[in-house]
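Trainee: Could you show me how to read salt bridges and contact surfaces in a protein model?
Mentor: Gladly; let us look at the model together.

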Amino acid sequence: MSTSVLKVSDLTKRFGDFTAVNGVSFEIRPGEILGLLGPNGAGKTTTIQMLLGLVTPTAGSIHMFGLDLSTHREEILQQVNFSSTYISMPQSLTVEENLWVVARLYGVSDIARRVQDIVKKLEMEEFSGKITRKLSSGQMTRLTLAKAFLTDPRILFLDEPTASLDPDVAHKIRSLLKEERRSSGLSILYTSHNMREMEEMSDRIIFLQRGCIVAEGTAQEIIDRFGKADLEEVFLKFAREQRQSSS
Amino acid sequence: MKLHRITALIVRHLYLYRRSLPRIMEIFYWPFLDLVIWGFITLYLARYQSQVPGFVTFFLGALILWDMLFRSQQGITISFLEELWARNLMNLFASPLKPGEFLAATMTMSVMKVTIVSIVMASCAILFYSYNILVVGVWLIPFVLNLVITGWIIGVFTTSLIMRFGQEAEVLAWSMVFLFQPISCVFYPMEVLPKWLQMIAMANPAAHIFEGMRTVLSTGAPPIGNLAWAICLNGALLVGVIAWFYRTVAYCKDQGLLVRVGE
């Protein structure tokens, strides 16, 4: 019996001749935060899109909560959510209206109370009645995070969740994520280009390069393995190698 | 005024046309449709002027019914475009929402739009032209239901194309339905069409509805045959187009197009 909430085996995605993700395997345990690192084009986003059922893998399997995503999409996605700096939400709706729509989509019970709780938790009271089009980028990020938390997921996929936040709000978001993980056993797959944030947040880190896993372990294990001073130096090494091989 | 700035904008638009077949086609599309539709109407009037009673009844009735079909199609396609413009498709398709549920929601939106537009158009027809669409009688109900379903078929078909080909196919949301107008025989009977075009029109459920409407208005005879044709065609085409939508979603997921459709 597997103890992991997410198990990815030999995951591969090819678009014609181009292999975006190449035989990737990893697991996430309950309450674990797994960092997914890699330069642009390494396959992070495609991996997350496959985990969310938005892109069909060419080969390999994805299991969450012991269920196969290809055959139990609805049950799995009911317990999963995501947030990304690169997504948006309907611009003509207010923040609260958007949250109500998401809550209905996932069949959240006692919507009014749940929306109120999430608005309070993410300190969104001052703009919860605002039209989404008028939000600042930081407020927009908090809205997409609120959308992700609203459905009480067991696994959260976060693609650069603090990219457009000021340091104070970013710190609060990180604290909130750690608190959620502690209190509810939430598992998180986390990507960021902020290496200090990755070191602070991740229990384990996976490094992707050209669609393959090239390193895996705690931040310190990876730093030691490559004899670098910090995670940023390891990142630069992989990014430059990838650029050189592409040119 | 600087010529280089003006030419920069012209070049910007020409770049768009260079790589976009739908945009190039649109230049020829509307003049061609105008020619076809008005040509057949003229032919109809020239041939049957003395035999056709109550032109106003025919034309206004046809116009109101055509608009119901158009709004039904728009209800589906515009709902999808709203999600695309809001960059909300990823939120929806990464949720437990099924493609069938997505279609059911857009179809419901379409019915709501048709209902509102029908009331407004029917009221305006009474107010401005003393024309009452209810003159069609009880047959109006199956006529409208069938036209709504035909609108869904065109709407789901168009939505699939936009999903597959991306934003440059957006123009189809407004133009696709008019491709069906000449063979829907909205303003003229099917017999006005050349034989080869009549064969194509026979496969269009809307053509049978408009034929039925003219039969009711001119003779009062029950349009059972027309309705039977329309129902059977609508049933088969609806099943086919929904299957195609599912296939398109699967294809887009395979090619990674679903997450890039709004770009």
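Predicted model: local features only at pLDDT ≥ 70, side-chain atom pairs only at ≥ 80, totals over all residues.

Trainee: How many salt bridges does the rule find over all chains?
Mentor: A salt bridge is a side-chain nitrogen of Lys or Arg within 4 Å of a carboxyl oxygen of Asp or Glu, and by this rule the count over all chains is 18. One of them joins Arg174(A) to Glu197(A), with the closest N and O atoms 2.8 Å apart. Arg174(A) lies in helix H6 (residues 167-184) of chain A and Glu197(A) in helix H7 (residues 195-201) of chain A, so the pair ties together parts that are 23 residues apart in sequence. Helices here are DSSP runs of H or I with at least four residues, strands are runs of E with at least two, and both are numbered from the N terminus.

Trainee: With which residue does Arg174(A) form a salt bridge at 3.2 Å?
Mentor: That partner is Glu200(A), again taking the closest N and O atoms. Glu200(A) lies in helix H7 of chain A, so its pair with Arg174(A) in helix H6 ties together parts that are 26 residues apart in sequence.

Trainee: Is Glu200(A) buried or exposed, or partly exposed?
Mentor: Buried means under 20% relative accessible area, exposed means over 50%, and partly exposed is in between (1.4 Å probe, protein chains only). Glu200(A) counts as partly exposed because its relative accessibility is 38%, whereas Arg174(A), at 12%, counts as buried.

Trainee: How many residues does each chain bring to the contact of chain A and chain B?
Mentor: Contact means heavy atoms within 4.5 Å, and here chain A brings 22 residues and chain B 19 residues. Buried area is the accessible area (1.4 Å probe) that two parts lose on being put together, summed over both; between chain A and chain B this is about 1900 Å², with carbon and sulfur atoms giving 56%. On the side of chain A, Leu54(A), Arg73(A) and Leu105(A) supply 31% of the area buried against chain B, more than any other three residues. The rule finds 2 salt bridges across this interface, and Lys98(B) and Glu74(A) meet in a salt bridge of 3.1 Å, N to O.

Trainee: Into which domains is chain A divided?
Mentor: Domain bounds come from an automatic or database domain assignment, which divides chain A into domain 1 (6-79 + 153-246) and domain 2 (87-152). The C-alpha centres of these two domains lie 25 Å apart, and 16 residues of domain 1 are in contact with 13 residues of domain 2. About 1300 Å² is buried between domain 1 and domain 2, of which carbon and sulfur atoms give 64%. In domain 1, Gln78(A), Pro153(A) and Leu176(A) lose the most area to domain 2, together 35% of what that side buries.

Notes:
Residues numbered from 1 in each chain as written. Chains lettered and ligands numbered in written order. Heavy atoms only, no water.
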